[in-house]
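Here are some friendly notes to read beside the model. Take the points in order, and keep the 3D view open as you go.

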Amino acid sequence: MAAPKVVSPGLHPQLVKLLEADTYQYTSKGRGPHHSLSYYYFFSRAAIRHLGSLKTFCFLSFLLIIAWGFVSQRSPYSTAAWEKAVLQSAQRQEGGQLTVLVTGAAGFVGSHVALALKKRGDGVVGLDNFNDYYPVELKRARATNLDQAGIFIAEGDLNDQRFLAKLFELVHFTHVLHLAAQAGVRYAVKNPLAYVHSNVGGFVTLLEQCKNSHPQPAIVYASSSSVYGLNSKVPFSEDDRTDHPASLYAATKKADEVLAHTYNHIYGLSITALRFFTVYGPWGRPDMAYFSFTRNIVEGKPITIFQGPHAEELARDFTFIDDIVKGCVASLDTALPSTGSGGRKRRKAQFRIFNLGNTQPVKVGDFVSILEKHLKKKAIRKIIPMPSTGDVMFTHANVTRAKSVLGYNPTTDLNTGLQIFVKWYKSYYKEGAGHGDMLKGYKPY
């Protein structure tokens, strides 16, 4: 009996001939075999019978590419369960006024702000790619906290246009709080492309999505105190020059500010930039000095303290997470609506930049002494010259504008803030808590 004819839309005639020569049984049920991996299995059987080994290898490689295309198209954000989770998370509760997309929601600042917004009734949807710059387990633990509060984190990359489009198709966000970024000054020397991909490329992809939305959301995003770079005037004010960055990380954040101004001017997006100054607190980043110093002091390991070219001590304007959260929420609440629609500007839109700092710089040596007091243990201090990786000697925020417009008023001094952090650290990483292995083998850049 002759082999049955195979209905093979879109296939090369030679492949059709191969299949027709085989005992492949075609079924017309459902969507047909060309929509299942079994189709590629029967292809391979036919190839092995009718082709030589080299040709078979090339042929199967081709089929694998096709199969991968089939699998990759079945994205997790195309499922009904995923869409339901997004919609439920976006629902406002009593008292809620905003519907906010928080990018970097599994991050340090993002997780804290997302919880604060949800607590007061706002609709909140998170977005995060859970990259492994520092141990992902800590990000997953923060995500669990958000999940318990009713906040869903859509896992994906900001550069994925289809992913973003799907989120904005499901939810009409009134605001976007953009906190996702490749963090860290020193790591930029090792992996500069990661910073361009995330901090610049990801930001542009998000701006494009917001620009084309109807209505357009207002955007509040994280810049950085690092944009002040080699500025010698203190304290740093928003109108100071920021055209001499000291690190690639700072350069990407400066690029973001320039891009934000351009999209505001051309497309009418309401945009607010927040220049954070050395944020610290519970659930913080393990690569930051306060976290890594605490870990090393507890474990009896040396801590490395940088000095300037003339043995000057570095100083930082350490800002407690609760104060940063208040600044972020106030920025969202005072953001005016965007003035464009579907990519067209109708009138001038709001554009703002604010410093969010504590206004009280502390020398790193004094900072370590406070840690020693709360840990009740002396640090093994290793003093070395500051490497040429982009760190600056000092930061100091002028927050006059934020106080006037946002009502921003930092209230947590470093002593109190570190006491709260140490209490969290000892509780979270205590023996038997199950989190001890989270940092095992991790070494900050």
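1. Is Cys210 buried or exposed? With a relative accessibility of 0%, Cys210 counts as buried; buried means under 20% relative accessible area, exposed over 50%, and partly exposed in between, with a 1.4 Å probe and protein chains only. Cys328 is likewise buried, at 0%. The structure holds zero disulfides, a disulfide being a pair of cysteine sulfur atoms within 2.5 Å.

2. A word on what you are looking at. This is a predicted model, in which local features need pLDDT of at least 70 and side-chain atom pairs count only at pLDDT 80 or more, while totals for chains, interfaces and linings use all residues. Residues are numbered from 1 along each chain as its sequence is written, and side-chain values use heavy atoms, leaving out hydrogens and water.

3. Now the whole chain. It has 15 helices and 15 strands; helices (H or I, at least four residues) and strands (E, at least two) are DSSP runs, numbered from the N terminus. Of the 445 residues, 52% are buried. The chain exposes about 21,400 Å², and carbon and sulfur atoms supply 55% of that area; accessible areas come from the Shrake-Rupley method with a 1.4 Å probe, and for residues only the protein chains shown count as cover. Among contacts with a separation of 6 or more, 79% join residues 24 or more positions apart, where contact means heavy atoms within 4.5 Å.

4. Please look at strand E1, residues 99–103, where five of the five residues are buried. Thr99, Leu101 and Thr103 point one way, Val100 and Val102 point the other way, and all are buried.

5. What does E1 pair with over five bridges? Its partner there is strand E2 (residues 123–128), in the parallel sense; two strands pair if DSSP finds at least two bridges between them. Within E2, Leu127 is the bridge partner of Thr103. The chain crosses from E1 through H5 to E2, and this β-α-β crossover is right-handed: with the strands pointing away from the viewer, the path from the first strand over the helix to the second runs clockwise. E1 also pairs with E4 in the parallel sense, over four bridges, and there the bridge partner of Thr103 is His178.

6. Stay with E4 (residues 175–178), which includes His175. His175 counts as buried because its relative accessibility is 8%. Its side chain makes a polar contact with the side chain of Thr174 at 2.8 Å; a polar contact is a pair of N or O atoms within 3.5 Å, and within protein one must be able to donate a hydrogen and the other to accept it, with residues adjacent in sequence counting only if both atoms are side-chain atoms. The side chain of His175 also reaches the backbone oxygen of Leu332 at 3.3 Å. Leaving aside residues up to four places away in sequence, His175 touches several others, including Leu98, Pro217 and Ala335.

7. Strand E6 (residues 271–276) is worth a careful look: six of its six residues are buried, so E6 is largely enclosed by the rest of the structure. Ile271, Ala273 and Arg275 lie on one side, and Thr272, Leu274 and Phe276 on the other. Ile271 is the bridge partner of Ile219, while Phe276 has Leu356 of E13 as its bridge partner. E5, helix H10 (residues 248–267) and E6 make a right-handed β-α-β unit.

8. Helix H11 (residues 289–299) is mostly covered, with eight of its eleven residues buried. Among these are Tyr290, Phe293 and Arg295. The buried residues of H11 pack against helix H5 (108–119), strand E7 (279–280), strand E8 (302–307), helix H13 (364–375) and H15. Just after H11, Gly300 takes a positive phi of about 75°.

9. Finally, turn to Lys440, in the segment after helix H15 (414–428). Lys440 is exposed, with a relative accessible area of 68%. Lys440 and Pro135 are 305 residues apart in sequence and 9.1 Å apart in space, C-alpha to C-alpha.
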